[in-house]
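Here's a quick briefing to read alongside the model.

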Amino acid sequence: MQSEVSSLEAVYLIWLSGAGCDGCTMAMLGSSEPGIEDLILGNVPDVPRVILVHPDLATESGDAFLANLEQAADGRLSPFVLVLEGAIADESRAGQGSFSRLGTSADGRPVTVADWVNRLAPQAEAVIAIGSCASWGGIPAADGNPTGAKGLEDYLGRDFRSRGGFSSSGLPVVNVPGCAPTGEGFIETLIYVFLHLAQLVPLDLDEERRPRWLYNHETYPLPPRVEYPPAVGFDLSNRPTVKCPVPVTGWLRNFGGCARVGGSCIGCTERDFADSYLALARPDPAF
Ligand code: SF4
């Protein structure tokens, strides 16, 4: 019997941008085999066609764009999967202004990203945090953060569950961390989420709600130009490891990827990486 989701013609992918750099959008656009274009064109077998509602990539703007979000929040545009890129700022710290704005309310107040998350997350079949900012605050939440920025799971609560689509139970926030994560990793996760909603595959998440099959390789935050795997003579005994697919998958189609090309591993896939791991990536004068 064909499942309900796989028999659907299309699923909306509603993308919100919080406090971040839009690098996750660029990473997503870089994915190939399949790319987001393949999903939009409905070229991936058994996966519904994606209708992308993205603030930077939409052909509509202003009220015409916001109408999509209003319809989704009111239950008139479904099914949809919500993706957040960037952290969520604590708007109560913004004084008379706001840290984010995506529209204006009837009384002239800014409609913030947090406002949209509040309205859209409960209606979504699944909620995905792309990048470390959306997953756990990332750089905007680093020590000294004046905006109170936090990740989506912290904002919605560890117990949050999406509608879960046509499966019997909802899903927690699915984290695809990295600064930025690989676009291919995100697209692969998205496809798994679709197939899971259709009850075709399990969705195996680790304790940090990352796709376990992607984030299962341990690597070391290291200064630049340390060979990967780590060179003989570099003492790793007291160094923490982080979980990341990039040393195995490369950045794109098995090319590139941080320490593989002489750069640092800054541990960007882990919670609090800016405070906990960046210092480990400082150049070592011995190398
Ligand atoms: S190798 Fe290190 S810096 Fe590169 S994506 Fe993975 S955790 Fe982040």
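**The chain at a glance**

The protein chain folds into 10 helices and seven strands. Keep in mind that this is a predicted model. Its C-alpha trace spans about 60 × 55 × 35 Å along the principal axes.

**Overall build**

- The radius of gyration of the protein chain is 19 Å, which agrees with the value near 19 Å for a compact globule of 287 residues.
- Buried residues account for 49% of the 287 residues in the protein chain.

**Helix 8**

- Helix 8 covers residues 183-197, and its 15 residues reach 21 Å from first C-alpha to last, close to the 21 Å expected.
- Most of helix 8 is covered, with 12 of its 15 residues buried.
- Among those buried residues are Phe186, Ile187, Leu190, Ile191, Val193 and Phe194, along with Thr189 and His196.
- After helix 8 comes Gln199, which has a positive phi, near 60°.

**The largest pocket**

- The largest pocket holds about 390 Å³ of space.
- Its lining has 33 residues, and those nearest the centre are Thr182, Cys244, Pro245, Val246 and Trp251.
- Helix 8 and helix 9 (246-249) are the elements that each give two or more residues to this lining.
- By type, the lining splits into 19 nonpolar, 11 polar and three charged residues.
- Where does the largest pocket lie relative to domain 1 and domain 2? Domain 1 (4-197) and domain 2 (217-287) both give residues to the lining, so the pocket lies between them.

Technical notes:
Residues numbered from 1 in each chain as written. Predicted model: local features only at pLDDT ≥ 70, side-chain atom pairs only at ≥ 80, totals over all residues. Heavy atoms only, no water. Helix = DSSP H or I, 4+ residues; strand = E, 2+ residues; numbered from the N terminus. Expected span 1.5 Å × (residues − 1). Buried < 20%, exposed > 50% of the residue type's maximum accessible area, 1.4 Å probe, protein only. 1 Å grid on protein atoms, 1.4 Å probe; cavity = no way out; pocket = protein on both sides within 12 Å on 5 of 7 lines; lining within 4 Å. Points joined across faces, edges and corners; volume = space filled by probe spheres on them. Nonpolar A, V, L, I, M, F, W, Y, C, P; charged D, E, K, R; others polar. Domains from an automatic or database assignment. Rg over C-alpha atoms; globule rule 2.2 N^0.38 Å.
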